Amino acid sequence: MLDDLNFIARCKKYNLGLWQCPNFLFLAMGFLTIVAMFGTYLVSKWFDNETVTIVSVSAVGMIIFTVGNFVVRGFEKVAEANIMKSEFISIISHQLCTPLSAVRWNLEILETEANGKISEKQKIFLENVKKSNDKMLKLVSDLLEVVRIDQGRSVFHMENINLVPLAEEIIDDLRHLIKLKDVEVIKKFDANLPQIYIDPKKMKIIMENLISNAVKYSYDGGKVEIKLYPEKKKVLFVVRDWGVGIPRYQHGRIFEKFFRSDNKSRYRTEGVGLGLYLVKAILKHFSGEVWFESEAEKGSTFYVSLPAI
Amino acid sequence: MNNLPKKKILIIEDDRSLQNALVEIMGQAGYQVASAFDGEEGILKLAAGKPDLILLDIILPKKDGYEILETIKKGEATKNIPVLILTNLEEIDNVQKALDLGATTFMVKSDFSLKDVLEKVKENLKQ
């Protein structure tokens, strides 16, 4: 509460001038309203004259109206900054997509060896370039997906799908990471899993983020359990790890955009804090839900539920 | 291998590195390839080359992909040529606009490997 009153620090933090800063304007507005009330009361008491009272009330109204205008402008400024931020991310990401795709495609051409043989040693280095490039492509495509979802411009290609083959595909895609962390993946997939109606590409984002998080935040040599099973009229996708976990005081914030938990500073892991935000935002679109249980040093379990067909 | 005439592909893409890779892979797959770096060149080559399939970017100098698509679909001789959009604009409005204008399919460059693009080309040339 006291921190909220320190409007100078707040406005400085947001890089806004006083008369554009909602924190200051709200205080000014509140103060002015109180003074105006008392002022009007005193004026009407002293002068006991209707005209004077009406003029003073009108004058106060004008002042409040003017300050109110500043408040609206202040909010507009903040909203504009938010739009600009999204546009900035969108432009930069789009600009990065072309060169990153070009690197990927030209590497593929080299790999065909139609223009000359590549030595085994060179292949290792080319594979390194490819992996790094793929990481950048994934980051950029996550950023773009966030902007599209925020703007309601994401494309959804809906299909009836079974999540088991998709889960297998993702585990296979993540095999390098799994090997690197020496994590044992325990799969518990129900043989009679009902299909769900969803965009497979978006579902892949959800499952990939949750599985790769579980692997990344596991201790080396740990294990990750992935379950798919029906429950009532839903399909549940559950990912459990016994890794670093999320401190309790941060449980309320983990689905926020760009939020990364404190445990990450102790265990250096890659990521920008978009994965869980995307998971939640996408699930909202499919009437799905995500929740979790976690304890620091003990691990986390993430649950995703989606309507079965 | 066979004596059938080679199928012709027109690639309209302004990024040289992407175009080089596309031309190479299509050439390796045995297609006859023509390419253009901007919209106007694309339309000229479309008239001259009678391609069997077109790979089309959206953001292009001089004339954009949508304008080219309109020209293709208006021309009696060209309206049935499959047009595969290859872009990084994955927003719903862009996808919808391209499909409304008659594009056959919409591919996002950053999601597709060259192999995937080649597969799509083969798939659409079979029909």
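Keep in mind that the model is predicted.

Let's start with β4(B), which covers residues 83–87. Five of its five residues are buried, so the strand is largely enclosed by the rest of the structure. In a regular strand, side chains alternate between the two faces of the sheet. Here both faces are covered: Val83(B), Ile85(B) and Thr87(B) are buried on one side, and Leu84(B) and Leu86(B) are buried on the other.

Who are the partners of this strand? β4(B) pairs in the parallel sense with β3(B), residues 53–56, and also with β5(B), residues 105–108. The table sets out the two pairings.

| Strand pair | Bridges | Residues opposite each other |
|---|---|---|
| β4(B) and β5(B) | four, parallel | Leu86(B) and Met107(B) |

From β3(B), the chain passes through α3(B), residues 65–74, to reach β4(B), in a right-handed β-α-β crossover. From β4(B), the chain goes on through α4(B) to β5(B), and this crossover is right-handed too.

**The side that touches chain A**

Moving on to the contact between the chains, 18 residues of chain B are in contact with 21 residues of chain A. On the chain B side, α1 (16–28), α4 (92–100) and α5 (114–126) each supply at least two residues. α1(B) gives the most, with six residues. By class, this side of chain B has six nonpolar, five polar and seven charged residues.

Key
Residues numbered from 1 in each chain as written. Chains lettered and ligands numbered in written order. Predicted model: local features only at pLDDT ≥ 70, side-chain atom pairs only at ≥ 80, totals over all residues. Contact = placed C-beta atoms within 7 Å. Nonpolar A, V, L, I, M, F, W, Y, C, P; charged D, E, K, R; others polar. Buried ≥ 20, exposed ≤ 12 C-beta atoms within 10 Å, placed from the backbone. Pairing = 2+ DSSP bridges. Right-handed = clockwise from strand over helix to strand, strands pointing away.
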